[in-house]
Amino acid sequence: MDFLNKTVIVTGAGNGIGKGVALLYAEKEANVLVADVDEKRGKQTVDLIQSKGGNALFVKTDVRFEEEIVRLMEIANLTFGRIDILINNAGISAFKSPFELSIDEWDNIINTNLRSVFLASREAAKYMRNNKEGGSIVNIASTRAIMSEPNSEAYAASKGGIVALTHALAASFSEDRITVNAISPGWIETGDYSKLRDIDHEQHLSKRVGRPEDIARACLYLTAKENNFVTGINLIVDGGMTRKMIYEE
């Protein structure tokens, strides 16, 4: 899987999964556009990449707004001359009772998590369609698109929407040789991994909690040019949790 000089845009790359994804593409010698609303964290990701000899650029972006996404894609194309890969990772959550969740909070989650995926995919595809080999888009969904805990309505709706939007875009962009896939992570620990308990790991079929690099490696697979037969899928990366029957004995 060769990503040398490919231009990769990662939204929400200031921390967590997005940061892990950006670091791995940089390690594979891609040009990485780090997009995040948090300027401090976004620049820290770029500094880390550059300290390891990678090539990265930070663009402050609030993915809720169309004009900022348009600007992000323009900067990427002007800087590197092309856009090859887009990872739609930016997302927020608010776990509140549906009786207490305000419509403004609902709209904020939907606009950040779901509408941004449509806007960024559309704008990136305008450039990708000019590439001889097309391009690749990966949308970070969640296993919460197919299973729930209480008080997760807005987040679940946004992630379920991402899964549906993914296969719709895969169909729409197919003539332009652009693959579109989703990844649904399960428990991916973005904090102090050493503080996890044995029971946290043991409840997974994999016998461990996930790390950001698990999702980053899945992104590499889905965006490698030799894997362009794979499009429209939702790849669940969750240590087997959604396939585990959970009954108390």
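Let's start where helix 3 (residues 66-80) meets helix 4: their axes come within 9 Å and cross at roughly 30°, with axes being lines fitted to C-alpha atoms, for helices over the stretch in contact, and angles running from 0 to 180 degrees between N-to-C directions. That makes helix 3 roughly parallel to helix 4, a label for angles under 35 degrees. Helices here are DSSP runs of H or I with at least four residues, numbered from the N terminus. On the helix 3 side, the contact (heavy atoms within 4.5 Å) includes Ile69, Val70 and Met73, and on the helix 4 side Leu119, Ala120 and Tyr127 are among the residues involved.

A word on the source: this is a predicted model, with local features needing pLDDT of at least 70, side-chain atom pairs counting only at pLDDT 80 or more, and totals for chains, interfaces and linings using all residues. Residues are numbered from 1 along each chain as its sequence is written, and side-chain values use heavy atoms, leaving out hydrogens and water.

Now follow helix 4 itself, residues 103-128. Its 26 residues reach 35 Å from first C-alpha to last, close to the 38 Å expected at 1.5 Å a residue (that is, 1.5 Å times one less than the number of residues). There's a kink of about 40° centred on Asn111, the bend being the angle between axes fitted to the seven residues ending there and the seven starting there.

Helix 4 also packs with helix 5 (residues 153-172), at an angle of about 15° and with axes 8 Å apart. The two are therefore roughly parallel to each other. Among the residues making this contact are Trp106, Ile110 and Phe118 of helix 4 and Tyr155, Ile162 and Leu165 of helix 5.

Methods
Angles under 35 degrees count as roughly parallel, over 145 as roughly antiparallel, 65 to 115 as roughly perpendicular and the rest as oblique.
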